[in-house]
Amino acid sequence: MVLIASAFRYEVDSRDFKGDSRVRVLLTGMGKRRTRRRVREALSKGGVNLVVSAGFSGGVRPGLKAGDLIMASEVYDRESRRRWVSSALPSRLRDRAAVGNFVTVDKVVSDPREKEELGRKFNAVGVDMETSAVAETADALGVPWVALRVILDPVESRLRVTSMFQALKMFALPAQRREFFQFMGSVRKASGSLSDGIKFLVS
């Protein structure tokens, strides 16, 4: 079985894999601590052959657009300075995804300058808040892992919405409603691209 670990349903919706007994979607919530606990609980039950860290990512390399797939060759944890190498890097996904390093952080990174700096420092393609926890836990339990994510906000874009609560507040303000719909359009585009990528991975 392939375990898809994602923070929220609007990133990876289990309904996209309904009827596929090979795939289980695990919603972990945001951040490393929750992800580590939920993934450990799932893997301890056995039966998982591959863990996929999936979800939205901030772009940290020029040239990547919203909706572009990225796949991790390695993941760095910015706070602990630890590094994990992907134990499962499907070669057939290389035509569909930009391959490079991921960097996992403790807080949402929205400022373009900070994202660009992370890209240079870690030679990375994306930044997220969960992949290092997935890698750490999977490695500790001897289960192969891969990280397949999708760019939501490119490196040159400031991410103004960092939670659904914030998005709903934006919707409530008529002056910001247009921006809300633009953001939700980006979310739908990113989620659809990621779903297609995961289906290709497990097919």
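This is a predicted model: local features need pLDDT of at least 70, side-chain atom pairs count only at pLDDT 80 or more; totals for chains, interfaces and linings use all residues.
Local features rest on a pLDDT of at least 70 and side-chain atom pairs on pLDDT 80 or more, whereas totals for chains, interfaces and linings use all residues. Residues are numbered from 1 along each chain as its sequence is written, and side-chain values use heavy atoms, with hydrogens and water left out.

**View 1. Overview of the protein chain.** The secondary structure comprises five helices and eight strands, taken as DSSP runs (helices H or I, at least four residues; strands E, at least two) numbered from the N terminus. In sequence order the elements follow the pattern β-β-α-β-β-β-β-α-β-α-β-α-α. Of the 203 residues, 52% are buried, where buried means under 20% relative accessible area, exposed over 50% and partly exposed in between (1.4 Å probe, protein chains only). Among contacts (heavy atoms within 4.5 Å) between residues at least 6 apart in sequence, 73% join residues at least 24 apart.

View 2. Arg-149 belongs to strand S8, which spans residues 145-153, and is buried with a relative accessible area of 1%. The side chain of Arg-149 reaches the backbone oxygen of Phe-56 at 2.9 Å. Arg-149 also forms a salt bridge with Asp-128, with the closest N and O atoms 3.8 Å apart; a salt bridge here is a side-chain nitrogen of Lys or Arg within 4 Å of a carboxyl oxygen of Asp or Glu. This pair links distant parts of the chain, since Asp-128 lies in strand S7 (residues 124-128) and Arg-149 in strand S8, 21 residues apart. Asp-128, like Arg-149, is buried.

View 3. The side chains of Asp-77 and Lys-32 meet in a salt bridge at 2.8 Å, N to O. Asp-77 lies in strand S4 (residues 69-77) and Lys-32 in helix H1 (residues 32-44), so the pair ties together parts that are 45 residues apart in sequence. Both Asp-77 and Lys-32 are buried. Glu-79 and Arg-78 form a salt bridge whose closest N and O atoms are 3.2 Å apart; Glu-79 is partly exposed at 38% relative accessible area, and Arg-78 is partly exposed at 22%.

**View 4. Helix H3 and the residue that follows.** Helix H3 (residues 131-140) is mostly covered, with seven of its 10 residues buried. The buried residues of H3 are Thr-131, Ser-132, Ala-133, Val-134, Ala-135, Thr-137 and Ala-138. Just after H3, Gly-142 adopts a positive phi of about 70 degrees.

Key
A polar contact is a pair of N or O atoms within 3.5 Å; within protein, one must be able to donate a hydrogen and the other to accept it, and residues adjacent in sequence count only if both atoms are side-chain atoms.
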